[in-house]
Protein chains: 2
Amino acid sequence: MILTVTLNVALDVTYEVPELTPCATHRVTSVARRAGGKGINVARVLHQLGHETVASGYVGGVVGEEVLADLDAAGLPHRLVGHPGRSSRQSVTVVDRGCGDATVLNEPGPELTDDDWTRFLATYDELAPAASCVVLSGSLPPGLPTDAYALLCTRTPGATVVDSAGPALLAAARAGADVLLPNLAELRETTGRLDPIEGALALLDAGGKAVVVSMGAEGLLAITRDGCWRVPAVSRLSGNPTGAGDALAAAIGATTELPWPDRLRAALAWSAAAVPVPLAGEVDVATLHRVADAALVDELEDCDAAATDR
Amino acid sequence: MILTVTLNVALDVTYEVPELTPCATHRVTSVARRAGGKGINVARVLHQLGHETVASGYVGGVVGEEVLADLDAAGLPHRLVGHPGRSSRQSVTVVDRGCGDATVLNEPGPELTDDDWTRFLATYDELAPAASCVVLSGSLPPGLPTDAYALLCTRTPGATVVDSAGPALLAAARAGADVLLPNLAELRETTGRLDPIEGALALLDAGGKAVVVSMGAEGLLAITRDGCWRVPAVSRLSGNPTGAGDALAAAIGATTELPWPDRLRAALAWSAAAVPVPLAGEVDVATLHRVADAALVDELEDCDAAATDR
């Protein structure tokens, strides 16, 4: 079983408008509402592709009830801890035919307490021993310690994958997380290094065992204590890239038994397969197979010695 | 009692962001969620100013439950009819310090059925006989007849005030509504006349008894079968103008016993008093009194003969 952790669960509301114009009133032409937050989307992709998964995190209030109802309707197993009296957040994505990317409005999560954290840890300690891998994704809600992911990594018998940024990602590296998943901007923000290989090596120095960097159209980079690999993006895909990072995290979580070149190929294929699908948390299986077949993984021999010395 | 009708009830979600940039991701700095839709805001203003009121309309689903809970928390009397299986809509307003007006995303309402309409009419027929005035506000949800407001006007023993636009407003005029409340753009859209006096006279010709036109910074115009009056805006106010039209409708609904110059003065004062308040459905009482004291209503003698002849 792969356990996903979404401490900042959201109800994802997606609006389509012909064109988003600031300071104007818009008639929304299509509305989709579903349970979201990065780890929820990771669990959805795993579930779609037949991997056993459980989604953990927090929910509360009327928004939380809608999140739970949606997860039940999707048949996605979950163990979400309640924060009574405070409602889960909503995230609004405005899809505008005029811009390739979407306009996103992320509400802050509800303020959590020490008691909320203690209750989550109790649930986590029940779930984690049964997980081959735990995928920890997204921002931390207000009130949780910066090293929340780091602490969870130290309580995890199986593998850990952390998709976050900044102090939370750095703390997870220091706690010895197995795989860290920043994109290029997050890696720079976290390490201060402009070069992605240098940035990834800095996270290995901190204590992380492997770093997979998503570089958009430049493809993916894996800098690990077992060696370094790169896979270029196969072709430009049009669609909604919002869920690509979560599909990538799902691929890394589902391939802990495979060698790195195969994991990197899967990561590229799953993330590319999320783009043609309108909502985050789903992949197009035909695209997945096409990209996996075409992907060419190169070993970065110059980097190998530097990384395996860490 | 003043009855308000909101056929397209919404949960109004208001976000503050430092600056709204299309195609970018935003951290929302403040979130407010409350029951909305134009007639709900009319009822809120009436309730705040001590007038007995009941809010009628439709609600459904989890969003409808949040609407009901919010109305209960506000102590606002309501008789909302359920549409089981379909959720009420949400409306998102993004307040951006960079633009005086707000960016609004209005979801379409749920599709209503003939059965929903029959159930609403039964509730309406219980409520309307006890109302000194009924205020009908906003767009019609999909599935209701274009002449829904017109039909409600013909079933109303007391006064009727209709704040809408296009075919729904024209049908209400034809049904003999007592007061029609278009703004300048809505009046042009409804009648095809560029001149506001000519547009208002066209609505009297159709069958309406009075038309109050809001002309923004130009103030208000009342074209009625008892004569014509104009009141210029008192001063430019800064704030959120979203609820000003609903406060105006509340003033017209609350002053059925007064002569037109007094109604027009109240309409100007209540609508101006909505601007300094951040959320729709509330007025600033000090501003209300200040504007009412300063407002100067002029009779438009050239127009009187034309209007009273209708």
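**Exercises on helix packing and a backbone angle**

In helix α11 (residues 301–308) of chain B, the residues B:Cys303, B:Asp304 and B:Ala307 are buried (under 20% relative accessible area, with exposed over 50% and partly exposed in between, for a 1.4 Å probe and protein chains only). This is a predicted model, where local features need pLDDT of at least 70, side-chain atom pairs count only at pLDDT 80 or more, and totals for chains, interfaces and linings use all residues. Residues are numbered from 1 along each chain as its sequence is written, chains are lettered from A and ligands numbered from 1 in the order in which they are written, and side-chain values use heavy atoms, leaving out hydrogens and water.

**Exercise 1.** Find out how the buried residues of α11(B) are arranged around its axis.

*Solution.* Step 1: look down the axis of α11(B); the buried residues fall within an arc of 115°, so they line one face of the helix (the arc is that of the directions from the helix axis to the C-beta atoms). Step 2: turn to the other side of α11(B), where B:Glu301 and B:Asp302 are exposed.

**Exercise 2.** Describe the phi of A:Cys23 and the place of this residue.

*Solution.* Step 1: recall that most residues other than glycine have a negative phi. Step 2: read phi of A:Cys23, which is near 70°, a positive value in a residue other than glycine. Step 3: locate A:Cys23 in the loop between β2 (10–17) and β3 (25–27) of chain A (strands are DSSP runs of E, at least two residues, and helices are runs of H or I, at least four, numbered from the N terminus).
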